[in-house]
Amino acid sequence: MAGNPMVGRSAAGRRTAIALLSALAIGGAGLARAETAMSPEQKAAEADSAWPELKPDLFGDRPLIDGTDTVSIEAPKRATDPAVVPVKLSFDPKMEVRKVTLVIDENPSPVAATFDFAEGAGVAELSTRVRVNAYTDIHAVAETADGKLYVTKTFVKAAGGCAAPAAKDPEVAAREMGKMKMREFSSDDPSLHEAQLMIRHPNNSGLQKDQVTLLYIPAHFITDLSVEKGGKALFTMTGGISISEDPSFRFKYRADDAGPFHAKASDTEGQVFEKTFDSGQS
Amino acid sequence: MTRTILFATLAALILAVPMPAKATEPLAVTEIAPGVYVHHGEVAETTPQNQGDIANIGFIVGDDAVAMIDSGGSVPVGEAALAAIRAVTDKPVKYLINTHMHPDHTFGNQVFKAAGATILGHRRLPAALGARADFYKQSMREQLGPELDDQVTITGPDDTVAKERRIDLGGRTIVLKAWETAHTDNDLTVYDEKTRTLFAGDLLFMQHCPVLDGSLKGWLDQIPALKDVPAARVVPGHGPVSAPWPQAIDAETRYLETLASDIRQAIRDGVPLADAVPEAAASESDKWQLFDDYNPRNATAAFAELEWE
């Protein structure tokens, strides 16, 4: 796991690199712990221990308000595939959530993604898929317009999602990289719209070793994403290696702007993928 | 007298303790056709107790040489397979053929390399095994236990097959065929022309729930070509040692088609991945062993693949 060369061209890349470095320091202690056999319950208890160190790194001494419905999180208790773990975040419509940070405590790079919601976008729900490398808590920290932080968490049993090779078929993955698809879903609630953005990208974790050179294959992932509707911003994301291959973002929102979706993504190699979607087009 | 027994016991203990080189008990094999031997791997997940002996592996004996097909899920299984060959013939084991990258088929490779065999695999096997080597060593440590895992040096092929290769073992020719992405991206089959026996590797699962680690569409697309192989019998990667061909693949085809159809329906209906997975291929649940271990994972992979159609 160690020695992963990080490409830090963008601010997001640097942030991820910092998160990764701090995770490596924490991970060192984790290796020592792993020497003794532990039951899943003990592991679960141990897994919680990364958070007290992560929390000040990420949020300083700002208080995190727990036990409200401002943000809720859903993920399977036991993941069917550690490289594709669905996570759903929901936000209380009465609270004006403007930012959410998704933290997979025990991952090599714990901050999976930070989403910024535009004013008036009314993002009510956001689902993505993540890699999970060890039994871990997943925290979601939401920031409301008044600057308060709200936290929730769930525990997921999964292992090996980051170290697992990204693509089942690397030749196809290379050929298809950068393709984007947008789906819109009908909704029972006319004030709430639902759509899904999908991007073909290996989102390589950089945690696999080339067996010939014995060097780690450089991480290659989407660092920044922005999604607009009718020329107005809905949300942006800065992401890291914990977002699964072929990133998917399904979201419910209240903004009523007519006009097409537009998505722009950039990755660690400086490539930019951009597309305007006519309504209903996928 | 007592002292003699004590000495004898001590001597026996001293001799017994450092004996990793003890004569290996050969794997049980069945001669399913003249000169074609198959060992039945348990339909189970790898555990320290079964030593990763969970895949069917076998060998074909020619007039001049022997070809081993897959090496088992650990070094002791590979050694026992080699002992099984030696119980049948003294001819050189010239080839070890890997049907794909998975540990239960490749973790005994080093035994055959040391015995002088040339290891052959699909053109994409080296990259697939290379990308997963660390991951496999780590994940198999939990499944096999540290002792068995430590013995394994992940050993890739010496030569690869891009499309097809014919190998003369003396008096019989075997045909190696590299397939497009299906169970994995490096599936290879071995066909013995003399007895019309097809070693399908994990392109064919029987009894054991099929495992999707490549492409569901690719797998389904190639089943007709696979069925066209003029074999009389097939050796599945998991399941019985031998079964009539091509009807042996009917159950797997039905499972893969059901999975694809259920997932496609969920995608059309706008059902999210998390909700689609528990329902997918539910009608197949009582037809396979290890269904709950593999079907949810297959469904997740299928969803991620098919939503790009």
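Reader: Which residues is Ala67(B) in contact with, once its neighbours within four places in sequence are left aside?

Author: In this predicted model, and leaving aside neighbours within four places in sequence, Ala67(B) is in contact with Phe59(B), Ile60(B), Lys94(B), Tyr95(B), Ile97(B), Ile167(B), Leu169(B) and Ile174(B).

Reader: How should I read such a list, and which residues have the most contacts inside the largest nonpolar core?

Author: The general idea is that, in soluble globular proteins, nonpolar side chains tend to be buried together. Here the largest nonpolar core has 143 residues, and those with the most contacts inside it are Ala67(B), Met68(B), Leu259(B) and, from the other chain, Val123(A). Helix H2 of chain B, residues 75-88, gives the most to this core, contributing seven residues. There is also a second, separate core of eleven residues, with Ala127(B), Ala128(B), Leu129(B) and Ala133(B) among them.

Reader: Why does Val38(B) count as buried?

Author: A residue is buried if 20 or more other C-beta atoms lie within 10 Å of its own. Val38(B) has 25 C-beta neighbours inside 10 Å, and therefore counts as buried. Val38(B) belongs to strand E2 of chain B, which covers residues 36-39, and, not counting residues up to four places away in sequence, Val38(B) touches Val29(B), Thr30(B), Ile32(B), Asn56(B), Gly58(B), Val235(B), Val241(B) and Ser242(B). The C-alpha atom of Val38(B) is separated by 9.5 Å from that of Leu27(B), eleven residues apart along the chain.

Reader: How many helices and strands does chain B have, and why is chain B described as compact?

Author: Chain B comes to ten helices and 13 strands. Its radius of gyration is 21 Å, close to the 19 Å given by the globule rule for 309 residues, so chain B is as compact as a globular protein of that length. Of those 309 residues, 52% count as buried, and among contacts in chain B with a separation of 6 or more, 68% are between residues 24 or more positions apart.

Reader: What does the UniProt record list for residues 54-238 of chain B?

Author: The unreviewed UniProt entry lists "domain: Metallo-beta-lactamase" for that span. In the model, residues 54-238 of chain B are 33% helix and 29% strand, and the end C-alpha atoms of the span lie 7 Å apart.

Reader: Finally, how many residues of chain A are in contact with chain B?

Author: The contact involves 24 residues of chain A and 25 residues of chain B. On chain A, strand E3 (85-91) and strand E6 (125-130) each supply at least two residues of the side that touches chain B, and by class that side has ten nonpolar, five polar and nine charged residues.

Definitions and conventions: Residues numbered from 1 in each chain as written. Chains lettered and ligands numbered in written order. Predicted model: local features only at pLDDT ≥ 70, side-chain atom pairs only at ≥ 80, totals over all residues. UniProt positions renumbered as here; feature names shortened; annotations may be inferred. Helix = DSSP H or I, 4+ residues; strand = E, 2+ residues; numbered from the N terminus. Contact = placed C-beta atoms within 7 Å. Nonpolar A, V, L, I, M, F, W, Y, C, P; charged D, E, K, R; others polar. Core = buried A, V, L, I, M, F, W, Y, C linked by C-beta atoms within 7 Å. Buried ≥ 20, exposed ≤ 12 C-beta atoms within 10 Å, placed from the backbone. Rg over C-alpha atoms; globule rule 2.2 N^0.38 Å.
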